[in-house]
Amino acid sequence: KGQQSLRSPALGNQNSESETSLDGDDDTLSSLEEKDLENVTGPVSLSTSAQLVAPAVVVKGTLSISASELFFEVDEDDPAFRAIDPKILAYTEGLHGKWLFTEIRAIFSRRYLLQNTALEVFMANRTAVMFNFPDAAVVKKVVHSLPRVGVGTNYGPPQTRRISLATPKQLFKASNMTQRWQRREISNFEYLMFLNTISGRTFNDLNQYPVFPWIITNYDSAELDLTLPSNFRDLSKPIGALNPKRAAFFSDRYESWEDDQVPKFHYGTHYSTSSFTLMWLLRIEPFTTFFLNFQGGKFDHADRTFSSLSRAWRNCQRDTSDVKELIPEFF
């Protein structure tokens, strides 16, 4: 309150600088209206309601931007915040956060609850913070108030604010990562993390946790013969279509489905959810604490607890309610 607004010539120049456009199709980014840019490039300070999206909680607060720093202050008076288990809050960073512009290395658009209203900001210390905003217009204003870093320097596109607002399809087209992967300049792990990152997958939201595919099919042999094709999963098919009998079941159910309320579907579950992520990471903190909080303070039934890769692989080939893929930690 009573804080004087200042204009920074450097920031003003950054915001007014022309930005590289993307060769577009239907996904081409719409340009910002002049009045939106004026609102951002006028006063240096920008303040908006926002939600901090962390692995086990989403909390309301206020995000503020000065000439050189990004701030977030949680609303400690919010009843929902007061109801959060202190054990969970102990693992939640950024509740009273401050990040220098000089620390920011990349800014990505994100979805939250299927809405294009979030951003994830990556820092020099290899951490990231994710915020959800009231609407897409606020997202644009925030991006145009932060440093012009794009999505960083690793993926190839120019460091523009327009790139930070790009869709996954646009980022894929603008990057050079596929070519680098084909030339074996980067590893399979790096390429899969690139695909996860540009598609919106994030470690800050367990419902959108990075997805890695099952690769090996043989978890019972004492030695694994890497020359046998049968020891590898067919990556041309989704996990639910690998077993022909189960694939036929899914197809038959889809074709014969008759329900006025529920549309036809092949799979009644998903390849990645927050509960699946917590199941895989059950034995590692802070995920043990997150899992117990999710389950009302108790561990799950032993038969449903992850204890064997071999059994997990068999289940996701036979069980009609199990089409789980893996997570990066297995690689």
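How many nonpolar, polar and charged residues does the lining of the second largest cavity have? The legend to View 1 gives the counts by class. All views show a predicted model.

**View 1. The second largest cavity and its lining.** The volume of this cavity is about 40 Å³. By class, six nonpolar, three polar and one charged residues make up its lining. The lining residues are Val211, Tyr271, Ser272, Thr273, Phe276, Thr277, Trp280, Glu325, Leu326 and Ile327. The model holds two cavities of 30 Å³ or more.

**View 2. The largest pocket, between domain 1 and domain 2.** The space in this pocket comes to about 1400 Å³. Its lining takes in 45 residues. Nearest the centre of the pocket lie Phe122, Arg126, Thr127, Ala128 and Phe203. Because domain 1 (42-166) and domain 2 (229-330) both give residues to the lining, the largest pocket lies between them.

**View 3. Elements and residue classes in the lining of the largest pocket.**

Sorted by class, the lining of the largest pocket has 27 nonpolar, 10 polar and eight charged residues.

**View 4. The largest nonpolar core.** This core has 53 residues. Val59, Leu63, Phe72, Phe131, Phe133, Val142 and Trp280 are those with the most contacts inside it. Helix H5, which spans residues 136-143, gives the most to the core, with four residues. Domain 1 (42-166) and domain 2 (229-330) each supply at least three residues to this core. Trp280, listed here among the residues with the most contacts, also lines the second largest cavity shown in View 1.

**View 5. The surroundings of Arg161.** Arg161 is found in helix H6, which covers residues 161-164. The relative accessible area of Arg161 is 1%, so this residue counts as buried, the cut-off being under 20%. A polar atom of the Arg161 side chain lies 3.1 Å from the backbone oxygen of Leu146.

Notes:
Residues numbered from 1 in each chain as written. Predicted model: local features only at pLDDT ≥ 70, side-chain atom pairs only at ≥ 80, totals over all residues. Heavy atoms only, no water. Helix = DSSP H or I, 4+ residues; strand = E, 2+ residues; numbered from the N terminus. Buried < 20%, exposed > 50% of the residue type's maximum accessible area, 1.4 Å probe, protein only. Polar contact = N/O pair within 3.5 Å; in protein donor to acceptor, adjacent residues only side chain to side chain. 1 Å grid on protein atoms, 1.4 Å probe; cavity = no way out; pocket = protein on both sides within 12 Å on 5 of 7 lines; lining within 4 Å. Points joined across faces, edges and corners; volume = space filled by probe spheres on them. Nonpolar A, V, L, I, M, F, W, Y, C, P; charged D, E, K, R; others polar. Domains from an automatic or database assignment. Core = buried A, V, L, I, M, F, W, Y, C linked by side-chain atoms within 4.5 Å.
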